[in-house]
Amino acid sequence: MDRPFIYLDNAATSFPKPEAVLKAVDHALRVVGGSPGRSGHRLAINADKIIFEARENICRLLGIADSSRLIFTSGATESLNLAIKGILESGDHVVISSMEHSSVTRPLHSLSQKAVEVTKVKCDKKGLLAPDDITKAIKKNTRLIVLTHASNVTGTIQPVCEVGKIARERGITFLVDACQTAGVFPIDLESIPVDMLAASGHKGLLGPQGTGILYIRPGINLSPLKEGGTGRGPSDDKQPEALPDRFEAGTMNTPGIAGLGAAAAFLLEQTVEAVRQKEMLLYKQLLEGLIAIEGVTTYGSSDPGKKVSLLSFNIEGLDPSLVSFRLDEEFDILSRSGLHCAPDAHKTVGTFPEGAVRLSPGFYNIPGDIDKTIAAIHRIAKER
Ligand SMILES: Cc1ncc(COP(=O)(O)O)c(C=O)c1O
């Protein structure tokens, strides 16, 4: 479908969604309608099937053997809150990087008021973490390490396998924020040393907003963030122990999860490798175009192998919010400016407090979109 704009904000939420996602949401609302795991009638059973299939599809996509370990949430923010608040207790120490999103730093800030100790390990100017610095930050009471798989400011992919190994050797739980990688970068949880993985359902996973996931490896014990009805389980007041029910109290977001399940099926068919290849061609085109423009500074690793399809930049002497506004108003190009809910990351790369303009090409962008964007930025930079 022809649109009167170019959407380059897929790191915030992907748009458009595959047709199959729209159809699945419509079907869940229009035809299915029942409450999953509750009543025994046909509509409730059909809703249950939708949730089951979505869980299975996502597990296949991420290499998860036991689908009961995959929890549906309202988004990565809830997933990260559940993982962080569910494991840490007073007196515990947690190590994070300086590239983390507010969904990690804010829950930790509130826990720091309850005697949880937080160490932020500084990354280099490109936003890359040195695994040795994690080792140096570990203390006797370190219970958790949290690392973003790829920064939502620089797109730099972090050395999660190395950090996971460090954590595993010391019996420390390792939580990965995969918001910017799930669906666009191959992840196989069977083979990588990650204990918990959180992601939004509405970014690279191509599902609807209001969906998210948390994978919890066997042996990791969490307290639930919310307690309540699960439809199944014991008939007393205790929250069930069995997963996924333990962490999925309340009527589930069946339409959203239906869409997310269809999105996962779409990605399984396309393959994540092919999605990455396609997006990285657009990213390279964008990077090459922007670095050739006088006055433009780009941030993050210059090695495309260490990046996801996301590029933050500034034009010398221009406020990023003004650049983003002009791209929208004059050129119909949709970007995101500011601090991207990650002020520490901007401090790390030297763009705090004004931030940067972020462009994030996605599955449905075409090379022509990137040509037009480069030309628009060239014009804005020339008119300074
Ligand atoms: C790296 C990262 N972590 C966490 C989040 C929060 O995700 P959600 O808005 O789905 O809760 C985002 C979203 O922008 C993100 O980019």
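Tutor: One definition to begin with: a cavity is a set of grid points where a 1.4 Å probe fits but cannot get out, and its lining residues have an atom within 4 Å of a point. The domain bounds used below come from an automatic or database domain assignment. Keep in mind that this is a predicted model.

Student: Fine. How many cavities of 30 Å³ or more does the search find?
Tutor: The search covers the whole structure and returns 1. The volume of the largest cavity is about 240 Å³.

Student: Which residues lie nearest the centre of the largest cavity?
Tutor: Asn10, Val184, Gly204, Glu279 and Pro361 do, out of 26 lining residues.

Student: And what is the lining like by class?
Tutor: The cavity lining has 15 nonpolar residues, with 8 polar and 3 charged.

Student: Which helix gives the most to that lining?
Tutor: Helix 8, residues 272–291, with 4 residues.

Student: Which domains does the lining draw on?
Tutor: Domain 1 (6–17 + 272–382) and domain 2 (19–270) each supply at least three residues of the cavity lining.

Student: On to the domains, then. How far apart are the C-alpha centres of domain 1 and domain 2?
Tutor: The two centres are 27 Å apart. In terms of contact, 36 residues of domain 1 meet 39 residues of domain 2.

Student: What area is buried between them?
Tutor: About 3100 Å² is buried between domain 1 and domain 2, and carbon and sulfur atoms give 58% of that. On the domain 1 side, Lys17, Val272 and Thr348 supply 22% of the area buried against domain 2, more than any other three residues.

Student: How many salt bridges does the rule find across the interface of domain 1 and domain 2?
Tutor: The rule finds 1 across that interface.

Student: Separate point: what does aspartate 344 form a salt bridge with?
Tutor: Its partner is lysine 120, and the closest N and O atoms are 2.8 Å apart.

Student: Which elements each supply at least two residues of the pocket lining?
Tutor: Strand 1 (6–7), helix 1 (19–32) and helix 11 (367–382). Helix 11 gives the most, with 3 residues.

Student: How do the residues of the pocket lining divide by class?
Tutor: There are 12 nonpolar, 4 polar and 7 charged residues in the pocket lining.

Student: You listed Pro16 there. What is the peptide bond from phenylalanine 15 to proline 16, cis or trans?
Tutor: That bond is cis, with omega near -5°.

Student: Last one. What is the phi of threonine 271, positive or negative?
Tutor: Threonine 271 has a positive phi of about 75°, although it is not a glycine.

Student: Where does threonine 271 lie?
Tutor: In the loop between helix 7 and helix 8.

How values were computed
Residues are numbered from 1 along each chain as its sequence is written. This is a predicted model: local features need pLDDT of at least 70, side-chain atom pairs count only at pLDDT 80 or more; totals for chains, interfaces and linings use all residues. Side-chain values use heavy atoms; hydrogens and water are left out. On a 1 Å grid over the protein atoms alone, a cavity is a set of points where a 1.4 Å probe fits but cannot get out, and a pocket is an open set with protein on both sides within 12 Å along at least five of seven lines; lining residues have an atom within 4 Å of a point. Grid points are joined across faces, edges and corners, and a volume is the space filled by probe spheres set on the points. Ala, Val, Leu, Ile, Met, Phe, Trp, Tyr, Cys and Pro count as nonpolar, Asp, Glu, Lys and Arg as charged, and the others, Gly among them, as polar. Contact means heavy atoms within 4.5 Å. Buried area is the accessible area (1.4 Å probe) that two parts lose on being put together, summed over both. A salt bridge is a side-chain nitrogen of Lys or Arg within 4 Å of a carboxyl oxygen of Asp or Glu.
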